[in-house]
Amino acid sequence: MKKINMFLRNQPPGRMIVAGFAAVILLGMLVLLLPISVKDGAEVTLIDALFTSTSAVCVTGLIAIDTADHFTAFGQGVVAALIQVGGLGVTSLGVGLMLVARKRVGIKSRMMVKEALNIESYKGIVKLVKSVLLMTLCFEAGGALLSFLVFSRDYSTVHAIGISIFHSIAAFNNSGFDILGGLRNLTPYQDDVLLNLTTCTLIIFGGLGFLVILDIGKQKCFKKLTLHSKVVIVTSLVLLVVGTLTLKLTENVTWLGAFFQSVSARTAGFSTYPIGQFTDAGLFVLCILMFIGASPGSTGGGIKTSTFFIMFQKIRGTCTKGTVHAFHRNISEQNISKAFMITILSGTVVCVATFFMCVLEPEYSFMQLLFEVVSAFGTVGLSTGITPALSVAGKAVIILVMFTGRVGAFTLISMWVNRTEPRARYSEEVSIG
């Protein structure tokens, strides 16, 4: 036992986070296979249980089998718990449990929280975790209450309460799971303004990131916000507006529907219209939004809004031969390099996975398979409807892509690299080509 503890202590934070997510996924799969989790007459295979558990922990929302039709109330509760763990992060939730048990939070736990929430210092980490947990509880409680006002019209009180709590957890954690049954998602409520706006609000705040929400609550003035918060807010607003306009132009949907899908495509995965009936232009717009995703330190995935913003500013600065800056602050070369590296790695993952899907699932179109892969990588959950019909090999590829999208391609690669910086450096060449 002593050797095991010593081994775990010597592991880098990134590796521990990845291992934590993998452990929760496997545990979730085993619990979902139990008879108490599966409805009578329903069949849940090993690959489907693994797919569901991965999708829940990675807060994706892609489903190989319908959650309501195959799992009991207990099983649905397990899925909701997995979504909550995946959204908050294994480390944040672990620290929260340590605080409840009144145990001391060690330096290793603080390092993992720092890595998971993408913060720069250890100062106030315990206080931050407390704020994150309280914030999550408040948003989800408010979302459940407003959702209940809608679902109580169509379901019994007890059933409506269960659906409302599940929906609020899924929405705030940017996971597109639903328990309405029949693979319908939220299409029966496409014209319900209250449910649409409640869901959008939960998705937006869940996707902004905990640090941004805390900064907004503290400063209450845009000018006083940190550079990170300003970048996230401005980029998110631009993407929401552009996404709404382009979807309205390309698809036969209402303005409410276009706005909802623009919000949901940023890693939430709920749909109020059948995505499989969208045009290639509309699907391509959704692919772009899904690939960019939410913001750092949030419950969402994708390359992140800040990464997209930094690359845009770098391209603009290069074209105008000016400095790379935003809101009267220069952007460091280290952040620029990291942004391009994350995007290149992410694009590589999507390209490779799409190639394998084309080989394994030749009966589907390229756009359908690309859309499925981007949705999985961005931990979104939108689908053209092909997920349940994928082969075992195809589902395995999507599982790997969902896991990579949640923990990050950069994290997966860097977790195995533990090299010290070399003292000797090569001389620079002034120009290439």
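This is a predicted model: local features need pLDDT of at least 70, side-chain atom pairs count only at pLDDT 80 or more; totals for chains, interfaces and linings use all residues.
Residues are numbered from 1 along each chain as its sequence is written, and side-chain values use heavy atoms, with hydrogens and water left out.

**Whole chain**

I looked up the secondary structure and found 19 helices and two strands in the protein chain. Helices (H or I, at least four residues) and strands (E, at least two) are DSSP runs, numbered from the N terminus. Of the 433 residues, 52% count as buried. Buried means under 20% relative accessible area, exposed over 50%, and partly exposed in between (1.4 Å probe, protein chains only). I then looked at contacts (heavy atoms within 4.5 Å). Among those between residues at least 6 apart in sequence, 69% join residues at least 24 apart.

**Helix H12**

I checked the length of H12, residues 227-250. The expected span of a helix is 1.5 Å times one less than its number of residues. For the 24 residues of H12 this gives 34 Å, and the end C-alpha atoms are 34 Å apart, which agrees. The buried residues of H12 include Val231, Val232, Ile233, Leu239, Leu240 and Leu247. Among the elements that cover the buried residues of H12 are H10 (193-208), H11 (210-219) and H15 (305-320).

**Helix H13**

Is H13 largely enclosed or open? Seven of its 10 residues are buried, so H13 is largely enclosed by the rest of the structure. Those buried are Gly257, Ala258, Phe260, Gln261, Ser262, Val263 and Ser264. Their cover includes H10, H12 and H14. I also looked at Trp255, which lies in H13. Not counting residues up to four places away in sequence, Trp255 touches Thr244, Leu245 and Lys248.

**Aromatic pairs**

Rings of Phe, Tyr and Trp (its six-membered ring) pair if their centres lie within 6.5 Å; planes under 30 degrees apart count as stacked, over 60 as edge-to-face and the rest as tilted. I counted seven aromatic pairs by this rule. Phe139 and Phe205 make a tilted pair, 5.1 Å centre to centre with 35° between the planes. Phe139 lies in H8 (residues 125-151) and Phe205 in H10, so the pair ties together parts 66 residues apart in sequence. Phe139 is partly exposed at 22% relative accessible area, and Phe205 is partly exposed at 29%.

The rings of Phe222 and Phe327 have centres 6.0 Å apart and planes at 70°, so this pair is edge-to-face. Phe222 sits in the loop between H11 and H12, and Phe327 in the loop between E1 (325-326) and E2 (329-330), 105 residues apart. Phe222 is partly exposed at 37%; Phe327 is partly exposed at 29%. Which residues do ring pairs link into a cluster? They are Phe139, Phe172, Phe205 and Phe210.
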